Amino acid sequence: MSSDHRLALDNCIKCSICVSHCPVARVTDKFAGPKQNGPDLERFRLEEPAAVHPSIGYCTNCKGCDVVCPSGVAVSAMNCRARGEYVSMHGAPLRDKILARVDRMGKAARLAPSLVNRLAGLRPLRLLAEKMLGISAAMTMPRYAQKTFLELYKPQNVGDTGRKVLYYPGCYVNYNAPEVGLALAEVLAHNNIRVEVEQFDCCGLPLIANGLLDTARDQAKKNLAKLQGYINRGYDIVTTCPSCHLTLRQEYRELFQLNTDPLHEKMLDVFEYLSVLLQQGKLVTRFEELPLQVGYHQPCHLKAAGCGVPSREILQLIPGLRVADLDAGCCGLAGTYGFKKEKYAISQAIGSNVFNAVKELGVRQVISECGMCQLQIHHLTGVAVYHPLQVLAQACGHGKWLAK
Amino acid sequence: METDKAQVVVIGGGATGTGILRDLALRGIPAILVEQGDLAHGTSSRFHGLLHSGARYAVKDKEAARECIEENMILRRIAPNCVELTGGLFVQLPEDDPQYADQWITACTEAGISCAEADVQELIKKNPVLSPNVTRAFKVPDCAVDGFRILWGNVNSARRYGARVLTYHRVSAIHQSNGRVTGVELINQLNGQKRSIECEMVINAAGPWGGEVAAMAGLEVNVIKDKGTLVAYNHRLMNMVVNRLRPPGDGDIFVPHGTITILGTTSTTVDDPGCTKPGHDEVLALIKIGQEMVPELESYRLIRAFAGVRPLYQAGNATGGRSVTRNFALLDHQQRDGLAGMVSIVGGKFTTFRLMAEKTVDLVASKLGVNAPCRTAREPLMTPVSEELLERGKKVFGVPGARKAAERLGDSFAQVVEQVEKNPDKGRILCECEVVSLAEIEHAAHSGDSFTLGDIRRKTRMGMGTCQGTFCSYRTLGALSGYPQFAGNHWEYLTKFLQKRWKGMRPVLWGQQLREAQLSTGIYCTLFAMERMR
């Protein structure tokens, strides 16, 4: 254990703020909570690495504990490492190994996306998967797109602004929601900025969340090297997925001690990037009127990234658009978590706040940056859910970005 | 006034006293142990928690060193759940005399202590907190030992053979007639009631109070009271005991003890056997010396400091301190002072308590005409917890919770696991720093010798972790309010408990422990409207 880790361990003063903010501990006692699994048991793990409580598997890795800790303890990183330790000792169930490889699932689904989507909706098959693998039959499966974002993306001819932008789409946009990536290209084209794309490995978050740290570390090294190459050539890197963003910028350093310093200046959430343009007076603010009321859900990982709600400022520029904050906390899906049979009910219980907020506000459309949050909110409420970029692209005037 | 009868009364509920009680019981000699406080509230819980290999004493005190290694091996065998086989290191730094190392190796070999030279680079890799300047290092069979647990192990074992224990009973008089001890008079420290025990023999095993006890019988025993202060770090800094390879001095031993690390000690002669107040200056001095072996020591969090009094003994007049032998002395007061029926066992150290007990009871048995041989080195203190039971425990407490509870509870672990299996609510963790469940707390409260929250603490470790009782003390008290001994004034219970915790925190109040204390003060003084820290 490095000196930093030891000091992080000493910094916890047991105030339990993390416990009171933990969305999982709020709804179930199967999870001993971030403090107990984190700094408390870490002291025992120094004596015996096997001293990991199995309840560690119930952490959703929302990182709320890190955000609220007044002592600056990275509780969730401690928990992630412990889960990695637990999995390396006890192994992971096949189900977790499958769910953790969203990139492979995406590649496999490429063969016949329609068929996969149909099969994923077949009740008997889902019941079988629940029985055999432990994948909840009740949870809505993400739909695969007919073509991936990388296949669909065509560089547009734009005027030269001297800005070079590389887009890291992440697995979900590439395989399931290419329209988000296309909306990004549309919005940047509106500002005369051309987007470069490239094939990346999965950021590794699903692997990390399932305790498969070794594979995640390998992918992290590859991604980081590739990104560094673009940074060296003067590119800014933008992301649209808060989880990818957080993993690349923060988790690589916290969990794998990789040097992510170069990413700190050069990698931005796309709305952060647009905000910078706005501040410099370089954002094209010619928007069409959009008489809409939408609810906004802030993904946990966006909160953890510490960049506030970067889309808020930009969306306010759209005439007619009213954005109401749901302010309901975690949606509960947490990537692969809510797909697990034993965790589905917990995930739904956490998400009930979001459900209530949508009902109370009476909104029929919700926006959120995270693909998995989008899926869960749709599953919980049935309303249409978009990435804020789709709204912005709509206001830029080309295409039907909100028609699903 | 209540009157009891026993063949032997043992005064002092420390390692030696409980060891003696067990030895007496195993030889079939009816005995009662009397102790003024809770078991192990004195010297036997106020030490490093180090089960010496003897290497520390090898050069200067060969006899003590040989006894240590022999007893070390015996305790590993008879009390495996009280001993953690950490192994120990002796490390040499550039400023240490290299010739001492040679002398030390020879001495260890002669005393029968294995000391193998270790690869320094590998050692530092495994224990990254150690100074990169270490020049040589040797592995010795040091261990960590849990004082509280061994003492209760002794008592529980003795009880199975009919022995009795009276805690919170202070001896107020030793009766004698015609040059022979006839009994003792006791005062119950909790309710002031008097009580007497008729006996044929009194064994004075009162440690630093040995002189006071002897004086009650009109005898003079010169116990040198040598205070040592120690500090406890919030987590395990290393996984082995680390000693400095030079003549024994202050602050040169680190012991990983459960989840914490203890560094000590200092050495100052005091007058009061109950002087357990750690000094701020002593703490700073310890850290300064400790830093030579662990350079980053200052940045690690201390949770408390504590002090104990070594009862040293040297026949004749001596000043005290490091120069006094760690050997023990058995005083036959019949032979020495003409008072039959009384012996005193003085000096020695925790590691050799069993041997001290054996020698004492050998003498006492011969006086009582009992021929039964000593069995304490052969018979285990408790039945080890089976793998199957441990697995059941893991299901209800998790890995660390089960393992710790099994070590703490020994023979009673099965009962506590059963409780939780029947009623999962009882598995709730009340002390999160040391993973102590409601079921375990209730078990301790139920035992019949827990009268204060401090007693529960010594049995379970509740309140001994990072938060030093901030969260677990009110939870525990709340859970225990149904027990008659905890049905009184809750403000008083908490004050007594927390003041003791704060006594240890006060000398180390900086950094994160200061923030912890602020939080604690906020909870108790503001939220619970209690008084300021005193």
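**Domains and interfaces of chains A and B**

In this predicted model, the domain assignment divides chain B into three parts: domain 1 covers residues 2-43, 148-222 and 316-368, domain 2 covers residues 69-145 and 225-313, and domain 3 covers residues 428-528. For chain A, the domain assignment gives domain 1 at residues 3-90 and domain 2 at residues 292-396.

Within chain B, the centres of domain 1 and domain 2, taken over C-alpha atoms, are separated by 30 Å. Contact between these two domains of chain B involves 28 residues of domain 1 and 25 residues of domain 2. About 2,100 Å² is buried between domain 1 and domain 2 of chain B, with 62% of this area on carbon and sulfur atoms. One salt bridge is counted between domain 1 of chain B and domain 2 of chain B. A salt bridge links B:E71 to B:R354, with 2.8 Å between the closest N and O atoms. On the side of domain 1 of chain B that touches domain 2 of chain B, two or more residues are given by each of α5 (147-160), β21 (328-332), β22 (342-347) and α9 (353-368) of chain B. The largest share of that side, three residues, is contributed by α9(B). Sorted by class, the side of domain 1 of chain B that touches domain 2 of chain B holds 11 nonpolar, 10 polar and seven charged residues.

The two domains of chain A were examined in the same terms. Their centres, taken over C-alpha atoms, lie 26 Å apart. In this pair, 13 residues of domain 1 of chain A are in contact with 13 residues of domain 2 of chain A. The area buried between domain 1 and domain 2 of chain A is about 1,100 Å², and carbon and sulfur atoms account for 70% of it. Zero salt bridges are counted between domain 1 of chain A and domain 2 of chain A, whereas three residue pairs in polar contact, both residues at pLDDT 80 or more, are found across their interface. Helix α3 (residues 23-27) of chain A provides four residues, the largest share of the side of domain 1 of chain A that touches domain 2 of chain A. The residues of this side of domain 1 of chain A comprise seven nonpolar, four polar and two charged.

Between the chains, the contact takes in 28 residues of chain A and 34 residues of chain B. Chain A and chain B bury about 2,600 Å² between them, 51% of which comes from carbon and sulfur atoms. Five salt bridges are found across the interface of chain A and chain B. A salt bridge is formed by A:E48 and B:R403, whose closest N and O atoms are 2.4 Å apart. Polar contacts between chain A and chain B amount to 15 residue pairs, both residues at pLDDT 80 or more. On the side of chain A that touches chain B, α1 (3-11) and α4 (34-45) of chain A each supply at least two residues. The class composition of the side of chain A that touches chain B is 14 nonpolar, six polar and eight charged residues.

Chain B also contains an open sheet of three strands in the order β4-β9-β5, with antiparallel pairing. Strands β4 (50-51) and β5 (83-84) of chain B are the edge strands, each pairing on one side only. Strand β4(B) is joined by two bridges to the antiparallel strand β9 (residues 143-145) of chain B. Residue B:C143 of β9(B) is the bridge partner of B:L51.

Two local backbone features complete the description. In chain B, a cis peptide bond with omega of about -15 degrees joins B:G264 and B:T265. Residue B:T265 is found in the loop between β18 (260-264) and β19 (268-269) of chain B. In chain A, A:S16 is a residue other than glycine with a positive phi, near 75 degrees. The loop that holds A:S16 runs between α1 and α2 (17-21) of chain A.

Terms used. Residues numbered from 1 in each chain as written. Chains lettered and ligands numbered in written order. Predicted model: local features only at pLDDT ≥ 70, side-chain atom pairs only at ≥ 80, totals over all residues. Heavy atoms only, no water. Pairing = 2+ DSSP bridges. Domains from an automatic or database assignment. Contact = heavy atoms within 4.5 Å. Buried area = accessible area lost by both parts, 1.4 Å probe. Salt bridge = Lys/Arg side-chain N within 4 Å of Asp/Glu carboxyl O. Polar contact = N/O pair within 3.5 Å; in protein donor to acceptor, adjacent residues only side chain to side chain. Nonpolar A, V, L, I, M, F, W, Y, C, P; charged D, E, K, R; others polar.
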